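Morning, everyone. Please look at the model on the screen.

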Amino acid sequence: MTGRSRRGVKFPHSGRRSSMSEASEESSPSKTRALANIQEKSKDAGDNQQLSDYEKKKANFIERTLWTFVMIAGFFAALFMGHIYIVVIITAVQIISFKEVIAISSGASRARDIQSTKSLNWYWLAVAMYFLHGETVIYYFKHIVMVDRVLLPLATHHRFICFTLYVVGFVFFVSTLKGGHLKFQFTQFVWAHMALFLIVGQSHFIMNNVFDGLIWFFLPAALVITNDIFAYVCGITFGRTQLIKLSPKKTVEGFLGAWVMTVLFGILLTHILMRSRFFICPANDLGANIFTGLDCEPNPVFIPQTWTMPELLFFPTKTRFSITMAPMQIHTFFWATFASLIAPFGGFFASGLKRTFKIKDFGHSIPGHGGITDRMDCQFIMGFFAYIYYHTFIAQSKVDFDEVLEIVATRLTIDDHKKLLLFIAKYLVNHNAIDSSVSA
């Protein structure tokens, strides 16, 4: 009975007692200090990391801001110096943007040891630029090209020369195809042609805008930049609804708010630019600058007109409202709308392309901004639109009547005269200018 515990009796020290060493270890000052040191070091490391991130963001902001002002100053300096300097900038943008886009997919060519692929890409660029820039020179400076003994044969056979150069490149491409690398080589072929179309081709139309008049170049570019700025401001101010998954920071509110502000800014900027012949006149003097100016007969779209609204039923008799503005300011509304609602999709396209290849920027041509292509993704399609819109709705087609008579009298046969007469009669009847019995 003595060896058995009594029921109901509790032993206060029945559990395992802590040894003196454990008790002293738990309350050891050295261990407490070690833990404190570890926590302090961890805190210092976190603070240093935050400080390092802050310093990086600060340095990036300063660099980005500095180069922003450098680009603005360089752009306006070239703009005020004249058309040739703008053409040089556009040419540089073409070459650098093509290089950046091609570099995305051609990096593996070094590993595959296919040097001809890289060389051929630059050959395609040279042929495309020769063809497009040659077309521009022939169209806008035919009064110079057509009287020069050296340039005349090149201008007359320009397209055949370009086609021959392209065929040479095509034959070279086929002859350098290698087994085991066919997919890569054909991918490069298609990639280069896509870059030529999206970059060099659209830049060609932007260059044509310069020769048609600097306003057709500067206004579209300014609208895109303005829209980008106001999209950011409106987005961070009251943006709530995501616009597109490719650009998570873009919001519907910022998108629409930027549209309204771009329209207002565009109309104001157009009103200012219309006052300068240097901007509205075509490039009839390549040596002109902002100080010498240009001289021409202004396009009617720059001449203010007064529009009067008809009498309305709910207003007193003879109450009419009128507004005086230049037709170009109405055209600017459509340009600003395109710059706000369509041109940003060029940026979305570029974002999707970068995500496909898992890169942040197309290149590092501009410190703090990435590559040239990152800044021009919306400008390409906007410049193309400006060219098409101008030549469709604004450009004047001037033909001297005396020159037409001379051509009809000296270069057409009697049968051609009859055909021309019937065509003119049919045209006038269709436009109700003469009675149908006359043409019969």
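Rings of Phe, Tyr and Trp (its six-membered ring) pair if their centres lie within 6.5 Å; planes under 30 degrees apart count as stacked, over 60 as edge-to-face and the rest as tilted. By that rule, this structure holds 29 aromatic pairs. Take F98 and W122: their centres are 6.0 Å apart, with 70° between the planes, an edge-to-face pair. F98 is in helix α3 (residues 83–106) and W122 in helix α5 (residues 115–140), so the pair links distant parts of the chain, 24 residues apart.

Before going on, two notes. This is a predicted model, where local features need pLDDT of at least 70, side-chain atom pairs count only at pLDDT 80 or more, and totals for chains, interfaces and linings use all residues. Numbering runs from 1 along each chain as its sequence is written, and side-chain values use heavy atoms, with hydrogens and water left out.

Buried means under 20% relative accessible area, exposed over 50%, partly exposed in between (1.4 Å probe, protein chains only). F98 is buried at 1%. W122 is partly exposed at 35%.

Ring pairs also join W216, F302, W335, F338, F385, Y389, Y390 and F393 into a cluster.

Now the serine, S340. Where is S340 placed? It lies in helix α13 (residues 327–341); helices are DSSP runs (H or I, at least four residues), numbered from the N terminus. S340 is buried, because its relative accessibility is 0%. Beyond four places in sequence, S340 has contacts (heavy atoms within 4.5 Å) with N227, F255, A258, W259 and T262.

Conventions: Helix = DSSP H or I, 4+ residues; strand = E, 2+ residues; numbered from the N terminus.
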